[in-house]
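Here's a quick briefing on one structure. Take a look at it first, then we'll go through some aromatic rings and a sheet.

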Amino acid sequence: MSISAESGQDWQRVLAPVAAEFSLDGRVVDAAPYGHGHINETYVLNCDGAGGRHRRYVLQKINHRVFRQVPALMENVQRVCTHLGRKSPRSLALVPTDDGGSVWRNGATGDWWRCYDFIEGAHTVDQVANEAQAREAARAFGEFQSQLADLPGGRLHETIPRFHHTRSRFEALRAAVVADECSRAGEVRDEIAFAFAREADTDVLLGLLARGEVDERVTHNDTKINNVMLDDATGRGIAVIDLDTVMPGLALYDFGELVRTAASSTVEDDPDSSRMRVQLPLFRALVAGYLETAGDVLNAAERAHLGFAGKMMALENGMRFLADYLQGDVYYRIRHPRHNLDRCRTQFALVRSIEQETRAMERIVQEVENRIGA
Ligand code: ADP
Ligand code: GN1
Ligand code: MG
C-alpha cells in the first residue's frame with residue numbers, strides 16, 4: 001500500500017502490516033506521521049510493551065528514488081549504528097526485522113522500510129533557541145566526527161554519488177536552466193544570476209581536497225539542526241540521527257550545514273528572505289562546540305574555512321532548491337507551489353550575509369582558538 005504523510009489516513013491500519021515485519025516489544029496501539037524531513041516518510045509507533053510498558057518506535061519509509069541502493073545504504077547505517085552504540089549508550093539503534101535483517105521490502109509496492117528504537121527523553125528543534133543549544137548541537141556533531149574516525153571495515157558506500165560535489169550541483173543547476181522544463185527560468189532570473197556569479201566558489205573545497213590540504217573523512221553530510229537529539233532535562237546533545245547520508249566527505253560539509261541551519265536568524269524556508277542573516281553569537285557557539293569535540297582531528301586548512309563552509313552549504317542548498325523549482329519540484333517535499341523558491345531565496349540571503357560577515361567570522365574562529373589554546 002502506498003501512503004503519503006499528508007493524506008490523513010488511519011495510520012494504525014496502514015502501518016500495522018509494516019510494523020508486523022519488525023521485532024517490536026508489544027502490540028502497536030497507535031501510529032502517526034512524525035518529524036519535518038524533506039525526503040523520507042517518518043512515523044512514530046506507540047506500543048503496549050511487555051508488562052504494560054509503553055514503548056515507542058520510529059518507522060521510516062526510505063525514499064528509494066533519492067537513495068537508489070537501499071541495501072548499500074542500510075549496510076552503512078548498520079555499521080555506523082553498531083560502532084556508535086559501543087561508544088554512546090543513547091545512540092541511534094536499529095530494530096531488526098523478524099528474520100534478522102535491517103530493512104524490510106514490501107514485495108507488492110517495492111517500498112523499503114526500517115525501524116529504530118525511539119530515543120526517549122530527548123527532542124529535536126527546527127530552529128536554535130540560544131547559544132547554549134547551538135554549542136551543544138555542534139559538540140554532538142563534532143563528537144560524531146571524532147567517534148567515527150576509527151570506524152572499522154573500509155570505506156563506506158556513497159549513498160548519493162557526488163552529494164556535496166558543489167561543482168556538480170552547479171552544473172546540474174546550469175542544465176536545469178538550459179532545459180527550463182517548466183518555463184520558470186524567466187521568473188527567477190535574479191536567483192540564477194546570483195548563483196552563476198558565484199561559480200568559482202563551487203571549486204574551493206574540492207580544490208582543498210584535490211591538493212591534499214584537507215582529508216576525506218567519514219562525515220554525516222546532513223547535519224541540520226533537527227538531526228541531533230537534545231536531552232529534555234539537560235539540553236545536552238545526546239545522539240546524532242538521520243544517518244542516510246553518512247559516507248565519505250569533508251568535515252567542512254558537516255560544519256557548513258550546521259552554520260546554515262544553526263547560526264541563521266530564521267528557518268530555511270522563511271517566505272520573507274529579508275529576515276535571514278548569519279547570527280555571529282550563534283556562529284561563535286558553533287565554533288566553540290565543534291572544536292571542543294572535533295578540534296583534535298581538524299587541521300589548519302579546515303579551521304581556516306569554517307566560515308566559508310557555511311556560505312558554501314547555503315549556496316549549495318540554494319542552488320539545489322532552485323534547480324528543483326526549475327524542474328517542477330521533483331525532489332524535495334513541498335507544502336505550497338513556491339516552496340522551493342522561498343527556500344532558495346532565503347538560502348541566498350544567508351550567502352549574502354555570510355559574505356558581508358566574512359572578516360568577523362574569521363576573527364571569531366581565531367578568538368575561539370586562542371581562548372581554548374587550539
Ligand atoms: P528525515 O530524513 O525525514 O529528516 P529523520 O530520521 O531526521 O528523517 O527523522 C525525522 C524526525 O523524527 C527527526 O527530526 C526527529 O525529531 C525524529 N526522530 C527520528 N529518529 C528518531 C528516534 N530514533 N527517536 C526519536 N525521534 C526520532
Ligand atoms: C534534505 O532529509 P532532510 O530533510 O534531513 C536533504 C539535505 C538538504 C535538506 C535541506 C538526502 O534533508 O541534503 O540539505 O533537505 N537530504 C537529501 O533542508 O537530499
Ligand atoms: Mg532529518
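Predicted model: local features only at pLDDT ≥ 70, side-chain atom pairs only at ≥ 80, totals over all residues.

Residues are numbered from 1 along each chain as its sequence is written, chains are lettered from A and ligands numbered from 1 in the order written, and side-chain values use heavy atoms, leaving out hydrogens and water.

**Aromatic rings**
- F348 is buried too, at 4%.
- The rings of F321 and Y332 make a tilted pair, since their centres are 4.7 Å apart and their planes at 55°. (Phe, Tyr and Trp rings, the six-membered one for Trp, pair with centres within 6.5 Å; planes under 30 degrees apart are stacked, over 60 edge-to-face, the rest tilted.)
- Both F321 and Y332 are buried.
- F255, F283 and Y290 form one aromatic cluster.

**Charges over rings**
- R198 sits over the face of F194, 3.6 Å from the ring centre; the cut-offs are NZ of Lys or CZ of Arg within 6 Å of the centre and within 35 degrees of the ring normal.
- R56 does likewise over F118, at 4.0 Å from the ring centre.

**Sheet**
- Three strands make an open antiparallel sheet, ordered β6-β8-β9; strands are DSSP runs (E, at least two residues), numbered from the N terminus, and two of them pair with at least two DSSP bridges.
- M229 has A239 in β9 as its bridge partner.

Terms used
Helix = DSSP H or I, 4+ residues; strand = E, 2+ residues; numbered from the N terminus. Buried < 20%, exposed > 50% of the residue type's maximum accessible area, 1.4 Å probe, protein only.
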